[in-house]
Structure formats: structure tokens, C-alpha cells
Amino acid sequence: MAEYTLKVRRFQPEATDEDKRGAYWDNFDVELDPTLSVLDGLLQARDGEDGSLAVRCSCRAAICGSCGVKINGQSTLACKTQIGEAAEEAERKADGESTTSETGKPEIVIEPMGNMPVIKDLVVDMESTHWEKYRRVTPWLMPSGPPPEREYIVSAEAMVDVTQSVACIQCGSCVSACLSMEADPDFIGPAALAKAYRFVGDPRDGQTTERLYDLANDQHGIYDCTHCFSCIDACPKGVAPMNQIMRLRRLAGHDHDIQDVNNGRNHELAFVKNIEKKGTLDESLLLQESFAPGIKGKLLPTIRSMKGLIESIPTAIRGIRTGKMRSVPKLIPGVHHKLPGDAQDHVKRIYDKTEESRIELNLYVIGEGGEEEGAPGAEGVRAEDITAAAQAEEVTPS
Ligand code: SF4
Ligand code: SF4
Ligand code: FES
């Protein structure tokens, strides 16, 4: 047994005490085995110290998805986080300073999930953010044609690709961690988009193109993700929502050739071209290529592209002011930093190699380093009869 201090962010809407109006912090000292969970600590605090402490939980086994919280700033499940490890993490973060308790021990900081309104203490309103967005992606199968006489038969190989998104337990940790959602609360978000891939990738679904068209053209859809990886870090089940979003983009832009109104596809292509030509990002060229590819040469930009380019002028000015946009061709002499030596040739060779063939491996199923079991957090998913070859999908670079 060991002693721990839980520093809990609280909000009691019904509180009448002056000092409990609005959000405040409360400390609870608990004593339990380091291998037990942070949720066990919270329940001990609730049972022994303050019965009004609100925390949502059910299975206590990382299955139901109820106990999402932030622990030491990281969105995760309280029942899946060992309290001993959380204390070590708190110690690393505190670095002997502000977050130590009166006893000198580091406090494990527990807060409600982000990007969702708080109802009470650690309980958030998942309906208004998570579930509403989830329904937005039509999370059910829409097969075309009359149903078969018996069940739909799908090969194991065909289902491998959606196994990862099927593993989602709707805990909302990724939504809590999403940086794009902080900037744009209307962003459909990682959990709902991972679920969208679950149906887009299902061979039984008959609305693949319609789904992709919808998600690509929504201003808050697949191109609203900024690749920050936070949802991958937060997900306790190894769903890697960002990867599912990238698969949706690849299918929409490359395989289905959807030219979205958000210019997301062109922006992606501009990134690829920019790095191939320059090695590092040239923001001024990126803007031009994103909105008006070919403006210098053969192709005439569309009216929509020109409008997008003009609307981006304030962003460009901010970029120049902050030094992010390091060269504006023809306006300011180019100062774009080139890669040293023959590094650019190496970049080009990587591109050439990638053009030849790219293998997309579903690491969730086959495991890294050829292990048979799934990636961390992928409990219950086994390779078994599915060969690595069956899971490797050749895709053309986008
Ligand atoms: S990678 Fe995209 S979806 Fe995931 S947290 Fe970052 S912005 Fe959100
Ligand atoms: S994708 Fe992962 S983090 Fe997001 S809701 Fe599903 S299980 Fe939770
Ligand atoms: S209590 Fe069910 S996932 Fe934590």
C-alpha cells in the first residue's frame, strides 16, 4: 500500500457556499496498492471523504468507455491508468515545484475531459459534442440492393482494415485531446471520423462515394484535422483516429478524385510537391500551390481558387510578420533555406522509391516487429489465420 494525493478539478453547480461557486480544486489523500487504478483512488475518496464527488464509471476494466478524464493533463481512462504510474508521471511533471502536496508528495492532477461542457466535477456532457458528431457520420451500414437471403458474407481479409476502428469504445478521450476541436468546436472530430472509416472501409456498404463526398466537402470534415497526433496518444484502445482520417482523405482525394470545396486535396498535394522540390516547407509557395496550382505555367486557376487565394492574404501577411513565411517570390528576395549538401537528392530518392510502391500495413492487427498480437491497447485482436500478406494493401502515393 502507498499514499497518494489526488488533486481534483471540481465543479458543483448546486453548491451554495461562496468558495464553491465556479470551478475549484480539491485534494484527497488516498491509500492503495500502486497497481490499482486512478479510478480506484477516486472511488476511495468519494466513499471515504466526500460523497458528492461526481465521477462516471461502470465496468472498471477499460471496456465501457465511461471513465474518461484528464490525468496529469493527458486524456485517458481513469480505470486503465495505474495510480503508481500516474504518481511517477506527476513527479516527472512537477519537477519538485508547484504541484506537490503539503506532505511533499506530487499531486496526481485529475480534471474533466476537454472540449466538452462539464456537468459536475469529472462528469462531462458527451451528448452535445461526442454523440452529436457521432450521429453526424451516419454510423450504420447502408448496403445497396436487396438484402441477401441469409447473412452478408465478407472475407476476413476484407474486414481487417476496419478492425481498428471497430475497437472504439466511445470513451471520448480523443475528442478531449483534439487540438483542432479546440480551435473549431464544429470539427466532426477524431472519434466520429474513425467511426466513419469503419463504414467507408466496409465492403458491404453501398454509400462509400457519398460518404466520402460528404466528409470531404464539410468545412468541419476530414480536412479540418491538423495531424497533431494527440488523438493517437490519447486513445486507450489503439484506434489511432488520425490514421483513419488519413485513410478517408486518401480514399476521397486519390481513389475517388473528389475535388473538395475546402481545397483540402489541393493543399495536401501542395505539401507533397513543396517538400519534393524544396526539402523544407516554403509557406509562400504552399499557399500559391494550394489555391492555384499551375498559376505560373499552363493551368489557369479557377475563380474559386483565386477567391481562396485572395481570402488568404491576411494569413499571408501574418505569416510574413511572424517570420513563418520566409520567402514571397517576386515580392521579397527569396530567403528560403535549402537543405545542406546533397540532402535534397536524398529527399528526391525517397520520393522516387515511394512512387514505385507503398505498402500500408495494418499494424493494429499484425503488431509491430511481426508480433502476433495487436499493438498496445489492442486487446482481443489477434492475427490468427490472417496472414501479413493479406493485410498489406498496395496504395499509390497521394
Ligand atoms: S490528429 Fe487531427 S483529429 Fe487527431 S487530435 Fe490532432 S487534429 Fe484532432
Ligand atoms: S477512438 Fe479511442 S479515444 Fe476515441 S472514443 Fe474511440 S476508444 Fe476512445
Ligand atoms: S469504467 Fe469502464 S472504461 Fe473505465
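Modeller: Helices are DSSP runs of H or I with at least four residues, and strands are DSSP runs of E with at least two, both numbered from the N terminus. This is a predicted model in which local features need pLDDT of at least 70 and side-chain atom pairs count only at pLDDT 80 or more, whereas totals for chains, interfaces and linings use all residues. Residues are numbered from 1 along each chain as its sequence is written, while chains are lettered from A and ligands numbered from 1 in the order in which they are written.

Colleague: Where is Asp 257 found, and why is it called exposed?

Modeller: Asp 257 is found in the loop between helix H10 (241–255) and helix H11 (264–278). A residue is exposed if 12 or fewer other C-beta atoms, placed from the backbone, lie within 10 Å of its own, buried if 20 or more do, and partly exposed in between. Asp 257 has 8 other C-beta atoms within 10 Å and is therefore exposed. Its phi is near 50 degrees, a positive value in a residue other than glycine.

Colleague: What makes a set of residues a nonpolar core, and which residues have the most contacts inside the largest one?

Modeller: A nonpolar core is a set of buried Ala, Val, Leu, Ile, Met, Phe, Trp, Tyr and Cys residues joined through C-beta atoms within 7 Å. The largest has 68 residues, and those with the most contacts inside it are Leu 42, Ile 108, Ile 110, Leu 193 and Leu 248. H7 supplies the largest share of this core, eight residues. Beyond four places in sequence, Leu 42 is in contact with Leu 6, Leu 53, Val 55, Ala 78 and Ile 110. Leu 42 is also among the buried residues of helix H1 (residues 38–48). Those buried residues pack against strands S1 (2–10), S2 (24–32), S3 (68–71) and S5 (107–111), and against helix H2 (83–94).

Colleague: How do you know which residues surround ligand 2, and of which classes are they?

Modeller: A residue is near a molecule if its C-beta atom lies within 6 Å of it. In ligand 2's case, 15 residues surround it, the closest being Cys 168, Cys 171, Cys 174, Cys 235 and Val 239. Ala, Val, Leu, Ile, Met, Phe, Trp, Tyr, Cys and Pro count as nonpolar, Asp, Glu, Lys and Arg as charged, and the others, Gly among them, as polar. The shell around ligand 2 accordingly has eleven nonpolar, three polar and one charged residues. Helix H7 gives the most to this shell, with three residues.

Colleague: Which residues come nearest to ligand 1?

Modeller: Of the 15 residues around ligand 1, the nearest are Cys 178, Ser 180, Cys 225, Cys 228 and Cys 231. By class, this shell has eleven nonpolar, four polar and no charged residues. Its largest share, three residues, comes from H10.

Terms used
Contact = placed C-beta atoms within 7 Å.
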